[in-house]
Amino acid sequence: MKTDSNLISLIENFPVSASLKESDTGRYVINNVHNLRQFGIRDWRDIAGLRIQDIAFPTTEWGKQYARSVERLDIAARETRSPVSARHRFIDSGGGVQMEEATKFPIFGFNGKVLAIVSYRHDVTRTLPPIRIYQLYRYFYSAADAIQRSLVFFCVDTHFLFLPTEAQIYAFLLRAERYSNKEIGRFMGISDRTVECHCAALRNKIVGGDLSHTLRILRKKMLCDENSIQY
């Protein structure tokens with residue numbers, strides 16, 4: 001398939017993960033450096049001619065599901081002959097997780113046939129509420145790993161003397177969203193008194209016992225992320 005040089009330049013210089021694949025076979029033609037890095041591939045020649053199903057993802061079962069989702073989106077772009085978007089959980093070769101928003105664009109030939117699909121994938125993790133971010137980590141990791149990684153993400157890991165339990169991290173993150181104990185209890189299926197017990201336990205695990213201060217740091221992180229998002 002002959003590819004326009006301007007299109008190649010656009011994909012190669014796109015600031016987020018981007019690629020071009022043949023419409024009929026789904027085989028990759030071009031991948032930019034961001035896409036290669038997330039797939040754990042160093043040389044573009046190692047992926048040229050492969051399909052998404054041929055890539056060795058770090059989590060096998062998730063990788064199969066992800067490949068099927070990508071393939072369905074490619075087919076939708078080809079058959080509707082218009083851009084399509086969807087969100088997927090993603091884990092890269094280094095173990096980093098994100099909620100990605102993938103957008104697919106059909107590329108037409110002179111005869112009006114869809115020849116190729118251009119894709120770009122954008123990280124929208126920072127647009128999620130804290131509890132959804134924890135659940136994203138929890139999808140890929142054990143509770144302990146997910147809690148630790150979430151605390152690092154929110155820049156509050158150094159404020160904890162001991163790792164909170166899963167119930168405690170739920171209470172903590174929902175408190176960060178300013179939910180009341182009663183609302184948190186309904187979300188978790190427990191009494192508001194039990195929620196307060198979780199908060200008391202959190203104070204015993206936080207440096208200086210200052211839960212309110214740690215919540216303010218998390219909220220500040222959320223606000224900074226919100227202000228830095230570009231649409």
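These legends walk through several close-up views of one predicted model.

Local features need a pLDDT of at least 70 and side-chain atom pairs count only at pLDDT 80 or more, while totals for chains, interfaces and linings use all residues. Residues are numbered from 1 along each chain as its sequence is written, and side-chain values use heavy atoms, with hydrogens and water left out.

View 1. Helices (H or I, at least four residues) and strands (E, at least two) are DSSP runs, numbered from the N terminus. Along the sequence they follow the pattern α-β-β-α-α-β-β-β-α-α-α-α-α-α. Taken along the principal axes, the C-alpha atoms fill a box of roughly 65 × 35 × 30 Å. Of the 231 residues, 42% count as buried; buried means under 20% relative accessible area, exposed over 50%, and partly exposed in between, with a 1.4 Å probe and protein chains only. Contact means heavy atoms within 4.5 Å, and among contacts between residues at least 6 apart in sequence, 50% join residues at least 24 apart.

**View 2. Helix α3 and its buried side.** Let us start with the length of α3 (60-80). At 1.5 Å a residue, its 21 residues should span 30 Å, and the end C-alpha atoms are 30 Å apart, which agrees; the expected span is 1.5 Å times one less than the number of residues. Buried in α3 are W62, G63, Y66, A67, V70, L73, D74 and A77. They cover an arc of only 135 degrees around the axis, so they sit on the same side of α3; the arc is that of the directions from the helix axis to the C-beta atoms. The cover over these buried residues includes β1, β3 (84-91), β4, β5 and α4 (130-140). Turn to the other side of α3 and you will find R72 and E79 exposed.

**View 3. The largest cavity and its lining.** On a 1 Å grid over the protein atoms alone, a cavity is a set of points where a 1.4 Å probe fits but cannot get out, and lining residues have an atom within 4 Å of a point. Grid points are joined across faces, edges and corners, and a volume is the space filled by probe spheres set on the points. The count comes to one cavity of 30 Å³ or more, and the largest has a volume of about 90 Å³. Its lining has 16 residues, of which S19, Y28, K104, S119 and R121 lie nearest the centre. At least two lining residues come from each of β1 (17-22), α2 (33-39), α3, β4 (97-108) and β5 (114-123), and β1 gives the largest share, four residues. By class, eight are nonpolar, four polar and four charged; Ala, Val, Leu, Ile, Met, Phe, Trp, Tyr, Cys and Pro count as nonpolar, Asp, Glu, Lys and Arg as charged, and the others, Gly among them, as polar.

View 4. R81 follows α3, in the loop between α3 and β3. R178 is in the loop between α6 and α7 (181-188).

**View 5. A176 in helix α6.** Helix α6 covers residues 166-176. With 4% relative accessibility, A176 counts as buried. Leaving aside neighbours within four places in sequence, A176 is in contact with L215, L218 and R219. C155 is 21 residues away along the chain, and the C-alpha atoms of A176 and C155 are separated by 13 Å.

Methods: On a 1 Å grid over the protein atoms alone, a cavity is a set of points where a 1.4 Å probe fits but cannot get out, and a pocket is an open set with protein on both sides within 12 Å along at least five of seven lines; lining residues have an atom within 4 Å of a point.
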